Structures are given as C-alpha cells and as structure tokens.
Amino acid sequence: MPISDAMQKAFNEQIQKEFASAYLYLAMSAYFESLSLEGFAQWMKIQAQEEVLHGMKLFDHLQERGGRVVLGEVGQPQAEFDSPLEAFELVGSHEAMVTKSIHQLFTLAEGERDYASQGILQWFSTEQVEEEDTANRIVERLRMIEDNKAALFMMDNELSARATAGGDGGAE
Ligand code: FEO
C-alpha cells in the first residue's frame with residue numbers, strides 16, 4: 001500500500017528532526033572537545049551518528065513505501081553552552097520533543113490504518129524511552145557532580161567507553 005500524502009509529509013518532517021538532532025549533538029561534541037572533555041565529546045559524536053541512522057531508517061522506509069523524500073532545512077545548531085549540565089539538559093528536552101513528534105506520527109499512522117508505518121514507529125518509540133532515560137541519568141549525575149572537577153573527569157572517562165553507533169541503540 002503506497003504511503004499517503006499526510007504520512008509522507010510527516011515522515012519528511014521527522015527525517016529533518018533526526019538530522020537536526022545529529023547536527024546539534026555534533027555541535028555539542030565540538031563544545032566538549034573545546035573543554036578537553038574527550039569522553040563527552042566522543043559520546044556526543046556517537047550520538048550524532050545514531051541520529052543519522054535514525055534519519056536514514058525513515059528515509060529508507062519512506063522510499064520503500066513509494067514515497068518521495070524531500071529534505072528539509074537543518075539550521076545552525078547552538079554552539080555554546082554554559083556548562084556540561086546545560087548541554088545535557090538540552091539533550092533531555094530535545095529528546096522529549098522528538099518523542100512527542102514520534103507519538104504524533106504514530107497517532108497519524110493509526111488514523112490512516114498504516115500498519116507498516118506503525119511497525120517502524122513502534123521501534124522509534126521504544127528507542128526514545130532509552131534515549132530519554134540515558135539523557136536524564138546523565139543530567140542527574142552532572143547535578144550531583146556540580147563543580148567537582150575530579151568527578152567530572154572520572155565521568156568523562158566512563159563516557160569514552162561508549163560503543164559505536166548502530167548496536168543496541170548505543171545510548172549508554
Ligand atoms: Fe533519533 Fe534521539 O532521536
């Protein structure tokens with residue numbers, strides 16, 4: 001069954017959001033690199049790669065369904081942050097926005113009885129639970145750390161161990 005115009009539009013908007021997420025996290029990676037927090041920088045770089053994979057998953061789905069991909073504009077992301085905590089708080093709120101967007105897309109797919117899209121969106125919905133949870137856990141730890149530089153560098157070392165993108169979602 002070919003995808004409807006409404007679903008096509010919504011998928012194109014979601015593709016834009018995923019690539020905008022990749023761009024934002026890459027900007028955060030550069031910010032962390034500027035602070036010599038290389039573990040945080042590496043974590044963000046992998047997160048950016050995850051977002052590209054998300055965008056491509058939607059890109060492929062839309063094309064497999066006979067839809068037309070039309071890429072939206074990806075604006076300049078925020079480059080500076082007051083602190084690692086502020087950057088991760090933004091990750092948390094950004095992921096909450098993405099989750100809401102996925103849920104709206106799912107609701108649209110339900111209304112259209114687009115079962116194939118519901119399948120792929122279920123995967124995204126589960127992925128979002130993990131992404132929000134991971135961001136929130138890091139925010140909590142950064143709040144506990146406050147200005148303790150030793151604890152921050154210890155956490156930096158931990159985050160440097162993050163596996164590459166494309167495994168189990170990789171948001172750890
Ligand atoms: Fe692809 Fe982090 O949402």
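Mentor: Let us begin with Thr99, which touches Gln128 and Glu132 when residues up to four places away in sequence are not counted. Please keep in mind that this is a predicted model.

Trainee: Where is Thr99 found? And is Thr99 buried or exposed?

Mentor: Thr99 is found in helix 3. Its relative accessible area is 10%, and because residues under 20% count as buried, Thr99 is buried.

Trainee: On to helix packing, then. What does one need in order to describe two packed helices?

Mentor: Two quantities describe such a pair: the angle between the axes and the distance between them.

Trainee: What are those values for helix 3 and helix 4?

Mentor: Helix 3 covers residues 84-111 and helix 4 covers residues 115-145; their axes come within 9 Å and cross at roughly 160 degrees. Angles over 145 degrees count as roughly antiparallel, so helix 3 is roughly antiparallel to helix 4.

Trainee: Is that crossing of helix 3 and helix 4 left-handed or right-handed? And which classes of residue make up the contact?

Mentor: The crossing of helix 3 and helix 4 is left-handed. Their contact has 16 nonpolar, 9 polar and 6 charged residues.

Trainee: How do the axes of helix 2 and helix 3 cross?

Mentor: The axes of helix 2 and helix 3 cross at roughly 15 degrees and come within 13 Å. As angles under 35 degrees count as roughly parallel, helix 2 and helix 3 are therefore roughly parallel to each other. Helix 2 passes helix 3 in a left-handed crossing.

Trainee: Which residues meet between helix 2 and helix 3?

Mentor: From helix 2, Phe40, Trp43, Met44, Gln47 and Glu51 meet Phe88, Val91 and Glu95 of helix 3. By class, this contact of helix 2 with helix 3 comprises 5 nonpolar, 1 polar and 2 charged residues.

Trainee: A change of topic: which residues of helix 5 are buried?

Mentor: In helix 5, residues 149-159, the buried residues are Leu152, Met155, Asp156 and Leu159. Seen down the axis of helix 5, they fall within an arc of 105 degrees, so they line one face of the helix.

Trainee: What covers the buried residues of helix 5, and which residues are exposed on the other side?

Mentor: The cover over the buried residues of helix 5 includes helix 2 (38-64), helix 3 and helix 4. On the other side of helix 5, Ala150, Met154 and Asn157 are exposed.

Conventions:
Residues are numbered from 1 along each chain as its sequence is written. This is a predicted model: local features need pLDDT of at least 70, side-chain atom pairs count only at pLDDT 80 or more; totals for chains, interfaces and linings use all residues. Side-chain values use heavy atoms; hydrogens and water are left out. Axes are lines fitted to C-alpha atoms, for helices over the stretch in contact, and angles run from 0 to 180 degrees between N-to-C directions. Helices (H or I, at least four residues) and strands (E, at least two) are DSSP runs, numbered from the N terminus. Angles under 35 degrees count as roughly parallel, over 145 as roughly antiparallel, 65 to 115 as roughly perpendicular and the rest as oblique. A crossing is left-handed if the near helix is turned anticlockwise from the far one by less than a right angle, and right-handed if clockwise. Ala, Val, Leu, Ile, Met, Phe, Trp, Tyr, Cys and Pro count as nonpolar, Asp, Glu, Lys and Arg as charged, and the others, Gly among them, as polar. Buried means under 20% relative accessible area, exposed over 50%, partly exposed in between (1.4 Å probe, protein chains only). The arc is that of the directions from the helix axis to the C-beta atoms. Contact means heavy atoms within 4.5 Å.
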